[in-house]
Amino acid sequence: MTKVEASVEINKQVRDVFAYASDWRHWEEWREGVSDLKPTTESRRGNNSRYAYKALVAGMKFNLETEIHYFKENVGWQGIVKKGFPHKMQWVFENKVNVTKVTYTIEFGPPLFILGPLLDFFILKPSWQRMLEKTLNNLKIHFEGPPENKG
């Protein structure tokens, strides 16, 4: 399994960041590459809720369905893909006195037996890394606005 991780600090309290980030109705606003999101279970928040969506990764569009596990208010959750490109995501929210550290981790296996490691190293891993960083930057901008131009 390949692991990709990114973190960001947001100048807002953890309860505000978590409330927004854990609400699936906002995911298309800030999660990079995610579109056509819809719940597929009656439960729409927390453990065992599922969401179908399209995700753009390394220039390829995937139809995915993810199930939420280990959901804990103001702490985080894990998403395990049940349909589509196999991977799992972990979201962790840390309270740091009016600042929230958000860490987003994705673990995936190379899709092809022989070409998998090369595809993984040169294309998939860098693409996932950019996606994680853009996603977290989008979340930060939602709360803090765009960075000031210091040029």
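1. The lining of the largest pocket divides into four nonpolar, three polar and three charged residues, where Ala, Val, Leu, Ile, Met, Phe, Trp, Tyr, Cys and Pro count as nonpolar, Asp, Glu, Lys and Arg as charged, and the others, Gly among them, as polar. The residues concerned are E32, G33, L56, V57, A58, G59, S127, R130, M131 and K134, and the elements that give two or more of them are β3 (50-57) and α3. The largest share, four residues, comes from α3, and the volume of this pocket is about 170 Å³. On a 1 Å grid over the protein atoms alone, a pocket is an open set of points with protein on both sides within 12 Å along at least five of seven lines, a cavity is a set of points where a 1.4 Å probe fits but cannot get out, and lining residues have an atom within 4 Å of a point. Grid points are joined across faces, edges and corners, and a volume is the space filled by probe spheres set on the points.

2. This is a predicted model, in which local features need pLDDT of at least 70 and side-chain atom pairs count only at pLDDT 80 or more, whereas totals for chains, interfaces and linings use all residues. Residues are numbered from 1 along each chain as its sequence is written, and side-chain values use heavy atoms, with hydrogens and water left out.

3. The chain has three helices and seven strands, arranged along the sequence in the pattern β-α-α-β-β-β-β-β-β-α; helices (H or I, at least four residues) and strands (E, at least two) are DSSP runs numbered from the N terminus. Of its 151 residues, 42% count as buried, that is, under 20% relative accessible area, with exposed meaning over 50% and partly exposed in between (1.4 Å probe, protein chains only).

4. The structure holds three cavities of 30 Å³ or more. About 80 Å³ of space lies in the largest cavity, which is lined by 14 residues, with R31, V34, A55, Y104 and M131 lying nearest its centre. By class, this lining has 10 nonpolar, two polar and two charged residues. The second largest cavity, of about 50 Å³, is lined by W27, R31, Y51, Y53, T66, I68, W77, G79, M89 and W91, and β3, β4, β5 (76-83) and β6 each supply at least two residues of that lining.

5. The largest nonpolar core has 38 residues, and those with the most contacts inside it are Y53, W77, W91, F93, V102, W128 and L139. Helix α3 (residues 116-144) gives the most to this core, with seven residues. Such a core is a set of buried Ala, Val, Leu, Ile, Met, Phe, Trp, Tyr and Cys residues joined through side-chain atoms within 4.5 Å. Leaving out residues up to four places away in sequence, W77 touches F18, A21, S22, W27, I68, H69, Y70, F71, M89, Q90, W91 and F93, contact meaning heavy atoms within 4.5 Å.

6. L64 lies in strand β4 (residues 60-72) and is buried, with a relative accessible area of 5%. Its contacts, apart from neighbours within four places in sequence, are Y51, A52, Y53, A55, V81, K83, G84, F85 and H87. The C-alpha atoms of L64 and F85 are separated by 7.0 Å, although these residues are 21 apart along the chain.
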